[in-house]
Amino acid sequence: MKKGILNYTHQELVRELSLFGLQKFRVNQIYQWLYRHGVTEFSSMTNIGKNIREKLEESFYIYRPKISNIAKSKDGTIKFLLELCDQNTIETVFIPEKHRNTICVSSQVGCSVGCLFCNTGYNGFVRNLTAEEIIGQFLIVKDYLNLWKSDTRLSNVVFMGMGEPLFNFENVQKSIYNLMRDEEHGISRRRITVSTSGITPKLKEIIKDLPCRLAISLHAPNDLIRSQIMPINNKFKLSELIDVCKEYSQYQKYLKITFEYLLLDGVNDSETNAYELINLLTGINAKVNLLQFNSWAGCRFKASQKNNVLRFAKILESNGIEAPIRARRGEDIMAACGQLSSKK
Ligand code: SF4
C-alpha cells in the first residue's frame, strides 16, 4: 500500500528514503518540491532522476483534501469545507489582513472538549486528523489561491479551527515542523500559534520545547464561570493551568501568551470579572484577545453589549494588559471563532 509522503517529517523521510539509497540532499530536493513548489505529482520533480521518481511513485502518494464547498465573506475571509478520504469533512479558514494572511486550520474532525459556546464542540468528536490532513489544509489553500509562484504569502498559521490540538499533538507537531523547515520560504515559529482549551498535563509535558506560540482559550476569570461554559475545567482546574503558563513565561521570556476571552453577555463580562482576570494573569507575559461572540443555531449565549466590551478592554489596558478587541471576521459565512462545523 502506498504511504502518504506528507505524513513524514524531514528527519523521518531521510531515514525512510535511505532504504532507497537516497542521500540527504535528494530528500532536501523532494522537500522543496513538496513545500516550496507545491507539486502534487512525483513526475513534476524534474531535478530528480526518472528511476527515483518512479520508485517514489510506486511507494508514496502526495495528499490533498478535496474542496467540497467554498464560502466567501464580504470582508475577504474564505471558508473551505474540505472532504477527507473517508468522506468526513473539516473546515479551514483563510483570513486576509493588511499586513498578513492567516490560515486557521483544524486538528480534529469535531471536538470532544464540548465548550458550550462552540458549534464544533456541540456537534461532537469523530477522529484525529493525520499529519497530512493537517498540512494538506495549508497546501490546498495555497493551490486554490494560486500562491505558489506569487509574492503573496500565507504568513501566519493558527491552530484554532476544529478540535483540541493537544489531543492530537504528535500530528500537529509534525505539521508544524514541516511548515517551518524551509529556511527561506517556511513560516517562522513566531507566526504559528497553537491554541488549547487547557489540557494541563499535556501542556506541562511539551512546554519546554513547544516549537511555536501558545494561546489559551481562557474565556473566564474563575473556576465557577469557566466550569459552567467549558466542562474541561472540571477536570483541569484554572490554578494548574495558570501555573503552567507561568512556567512557560519563564522558558519563553520574549513570547507573550495570548489568552482568548470570548465576551458573553451577563456571563463573564462584568467589571468584577475584568479585575479578577487581571489578578489571575499577574506574573504572566500575557496579551488578552477580546473576542466578540458569534451566535449559531441552538446556542444559548448572547454577545456582550458594546459598552461592556469597551469597558472590559479599558480596565485591562489601564492595568497594563494589552487587550485588543478582535474584529469579527467571516461572521456572514459562519467562519468566525466558535462557528466552525463539519456539517455540509
Ligand atoms: S472551542 Fe475549541 S476546544 Fe472548545 S469545543 Fe470548540 S473546538 Fe473544541
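What you're looking at is a predicted model, where local features need pLDDT of at least 70, side-chain atom pairs count only at pLDDT 80 or more, and totals for chains, interfaces and linings use all residues. Residues are numbered from 1 along each chain as its sequence is written, and side-chain values use heavy atoms, leaving out hydrogens and water.

Let's start with strand β9, residues 156-159. Helices (H or I, at least four residues) and strands (E, at least two) are DSSP runs, numbered from the N terminus. Both faces of β9 are covered: Asn156 and Val158 are buried on one side, and Val157 and Phe159 are buried on the other. Buried here means under 20% relative accessible area, exposed means over 50%, and partly exposed is in between, using a 1.4 Å probe and protein chains only.

So who are the partners of β9? Strand β6 (residues 101-104) pairs with β9 in the parallel sense over three bridges; two strands pair if DSSP finds at least two bridges between them. In that pairing, Ile103 stands opposite Val157. Strand β10 (residues 192-196) also pairs with β9 in the parallel sense, over three bridges, and there Val157 stands opposite Ile192.

Follow the chain from β9 through helix α6 (residues 169-180) to β10 and you've traced a right-handed β-α-β unit. Right-handed means that, with the strands pointing away from you, the path from the first strand over the helix to the second runs clockwise.

Now for the ligand. Around it sit Cys111, Val113, Gly114, Cys115, Cys118, Gly121, Gly163 and Ser197, each with a heavy atom within 4 Å of it. This shell divides into four nonpolar, four polar and no charged residues.

Most residues other than glycine have a negative phi. Asn146, in the loop between α5 (131-145) and β9, has a positive phi of about 60°, and Asn146 is exposed at 62% relative accessible area. His219, in the loop between β11 (213-217) and α8 (223-229), has a positive phi of about 65°, but His219 is buried at 5%.

Finally, look at Gly266, in the loop between β12 (257-263) and α10 (271-280). Gly266 is exposed, at 68%, and its C-alpha atom is separated by 54 Å from that of Ile30, 236 residues apart along the chain.

Terms used. Ala, Val, Leu, Ile, Met, Phe, Trp, Tyr, Cys and Pro count as nonpolar, Asp, Glu, Lys and Arg as charged, and the others, Gly among them, as polar.
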